[in-house]
Structure formats: structure tokens, C-alpha cells
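This briefing concerns charged side chains and backbone geometry. Please consult the sequence and coordinates shown here alongside the points that follow.

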Amino acid sequence: EGVSVTHLAPGFIDTDFRRVDNQSNLHEHAKDPVPHWLQMSADKAARKILAAVAARSGECVITGHAKFAVSATRHAPRLVSVAVGASGRLVRDLSKRAGS
């Protein structure tokens with residue numbers, strides 16, 4: 001009865017999502033930056049999501065690495081914040097070097 005909300009934390013799902021630009025153009029030959037072994041099939045993810053929604057779960061964390069990320073953020077938020085900040089700086093630095 002009533003309305004329920006399920007927070008979904010899917011992780012990396014094997015879809016074209018990362019190969020579509022901001023204008024909705026699919027770049028079929030673009031390499032997916034996420035390794036295939038780290039991705040869950042879209043069918044399997046959909047089954048898990050539907051089961052969570054049908055069960056009216058408050059939260060559904062789909063992939064193993066997403067479970068790790070959610071757990072790390074809950075138990076060591078400052079450490080995760082520092083790591084994400086450092087990785088962002090590293091990506092920016094590498095991007096600048098590649099553009100030079």
C-alpha cells in the first residue's frame with residue numbers, strides 16, 4: 001500500500017551508457033573505459049532491480065564493487081573523499097598532459 005522508494009546503486013552495468021554523448025549520439029567504436037570483468041549484464045541487473053522494487057526494499061546495491069563502494073563510504077567517508085579527490089586530480093593531470 002502507498003508509495004515506496006527504492007534507492008538503486010547499480011555500479012557498472014554492461015550497456016551503451018558510457019558510449020553516448022550529451023547530444024544522445026552513440027559512438028559505436030568508442031572503447032568502454034570500464035573493464036568488461038567489472039560489469040554486470042543488463043539482464044541480470046534488471047532482474048535484481050525488479051526484485052528489489054517488488055519487495056519494496058529501501059535500498060538495492062547491485063554489483064560487488066558497488067557494495068564495496070557503499071560500504072567504504074559508510075564506514076570511512078573521509079578516506080573515500082580523499083581518495084576520490086586524489087583520483088580526480090590525477091585524471092585532470094593526465095588529461096592536461098595528453099592534450100599538450
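The side chains of aspartate 16 and arginine 19 form a salt bridge, with an N to O distance of 2.5 Å. The model is a predicted one, and it holds 3 salt bridges.

**Salt bridges**

- In the pair of aspartate 16 and arginine 19, aspartate 16 is partly exposed at a relative accessible area of 35%.
- Arginine 19, at 17% relative accessibility, counts as buried because the cut-off for that class is under 20%.
- A salt bridge also joins arginine 18 to aspartate 32, at 2.9 Å from N to O.
- This pair links distant parts of the chain, 14 residues apart, with both arginine 18 and aspartate 32 in the loop between strand S2 (13–14) and strand S3 (40–41).
- Arginine 18 is partly exposed, with a relative accessible area of 25%, whereas aspartate 32 is buried at 16%.
- Glutamate 59 and arginine 74 make a salt bridge in which the closest N and O atoms are 2.6 Å apart.
- Here too the pair links distant parts of the chain: glutamate 59 belongs to strand S4 (residues 59–61) and arginine 74 to helix H2 (residues 64–75), 15 residues apart.
- Glutamate 59 counts as partly exposed, its relative accessibility being 33%.
- In general, side chains of opposite charge can pair when their charged atoms come close.

- Lysine 44 is placed in helix H1 and is partly exposed, with a relative accessible area of 41%.

- Most residues other than glycine have a negative phi.
- Serine 24, although not a glycine, has a positive phi of about 70 degrees.
- Serine 24 is situated in the loop between S2 and S3 and is exposed, with a relative accessible area of 62%.
- Arginine 56, likewise a residue other than glycine, has a positive phi near 60 degrees.
- Arginine 56 lies in the loop between H1 and S4 and is partly exposed, at a relative accessible area of 39%.

How values were computed. Residues numbered from 1 in each chain as written. Predicted model: local features only at pLDDT ≥ 70, side-chain atom pairs only at ≥ 80, totals over all residues. Heavy atoms only, no water. Helix = DSSP H or I, 4+ residues; strand = E, 2+ residues; numbered from the N terminus. Buried < 20%, exposed > 50% of the residue type's maximum accessible area, 1.4 Å probe, protein only. Salt bridge = Lys/Arg side-chain N within 4 Å of Asp/Glu carboxyl O.
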